[in-house]
Structures are given as C-alpha cells and as structure tokens.
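Good morning, and thank you for making time for this presentation.

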Amino acid sequence: MGPHLTKDIAGLKRLVADLDRLSAGSVTAPDLMAVPVLNDWLHGIRIVSCLDGIVEGHPSYADGHHVRTSELIAVFKDDGEHFARTLNSWYRLGWAREVNVR
C-alpha cells in the first residue's frame, strides 16, 4: 500500500526553500512586493489533522503519557505495520481507539 500524503511534496519543498532563505536573511521587501496583500487581518486558528493517543518510547515523554501530535503529513503500511509521519516526528501506530458513534 502506498503512502497517503496529506500535503503536496512540491509545496513542502517550496516551503522549506523559503524558510531556508528567510533564516539566511536573504528575503527582502522588494522580493515580496508582488505577493498578494491581506487586509483587515488577524491571527486565527485553523484545525489540522493530527493524532491523539498514548505514547510509548518517546524521547520527551514517559510511557503512558497522553499526547496530541503535530500536523499529520503521511500514513503508510509496510510489513503489516502502520506508520505515520507528522510535521515533527515518525510514529509506529499501535492499536486504534474505538470511537462510539451514536
């Protein structure tokens, strides 16, 4: 089974290239004068797909700690195991939580 990607790889490569340029200080106002203008703006919150569960073997959290991951980027199955790549980490997916839908 091939990976299910939630993001466009080419778009992510453009993002990384832009962040590298920004970090290097090579982005200037003249470079960005042709980009769209956003008026009447404010900081908002947008819901993104993530995973929510109990972690084991995480370098920053004790086994049994409840976590909510960063944005889910890809999920795939190989050798009978399911894996997920979030924006920040890889996870091997164990058993899924049962959700009662009424």
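Is F76 buried, exposed or partly exposed? Before I answer, please note that this is a predicted model. F76 has a relative accessibility of 24%, and it therefore counts as partly exposed, since the intermediate class lies between under 20% for buried and over 50% for exposed.

Let me stay with the aromatic rings. The count of aromatic pairs in this model is two. One of them joins F76 and F83: the ring centres are 5.4 Å apart and the planes stand at 25°, so this pair is stacked. The cut-off behind that word is an angle under 30 degrees. F83, at 22% relative accessibility, is counted as partly exposed.

F76 also pairs with W90. Here the ring centres lie 6.0 Å apart and the planes meet at 80°, so the arrangement is edge-to-face. This pair links distant parts of the chain, with F76 in strand β4, residues 72-78, and W90 in strand β6, residues 90-93; the two are 14 residues apart. W90 has 56% relative accessibility and counts as exposed. Taken together, F76, F83 and W90 make up one aromatic cluster.

Is T86 buried or exposed? With a relative accessibility of 1%, T86 counts as buried, because the limit for that class is under 20%. Its side chain is joined to the side chain of S70 by a polar contact of 3.1 Å. Leaving aside residues up to four places away in sequence, T86 touches T69, S70, E71, L72, I73 and Y91.

Finally, I come to the helix α1. How many residues does α1 have? The helix runs over residues 9-23 and has 15 residues. From its first C-alpha to its last, α1 reaches 21 Å, close to the 21 Å expected at 1.5 Å a residue.

Both ends of α1 deserve a remark. At its start, a side-chain oxygen of D8 comes to within 3.3 Å of the backbone nitrogen of A10. After the helix comes G25, which has a positive phi, near 75°.

That concludes the tour, and I would be glad to return to any of these places in discussion.

Methods. Residues numbered from 1 in each chain as written. Predicted model: local features only at pLDDT ≥ 70, side-chain atom pairs only at ≥ 80, totals over all residues. Heavy atoms only, no water. Phe/Tyr/Trp six-rings, centres within 6.5 Å; stacked < 30°, edge-to-face > 60°. Buried < 20%, exposed > 50% of the residue type's maximum accessible area, 1.4 Å probe, protein only. Helix = DSSP H or I, 4+ residues; strand = E, 2+ residues; numbered from the N terminus. Expected span 1.5 Å × (residues − 1). Polar contact = N/O pair within 3.5 Å; in protein donor to acceptor, adjacent residues only side chain to side chain. Contact = heavy atoms within 4.5 Å.
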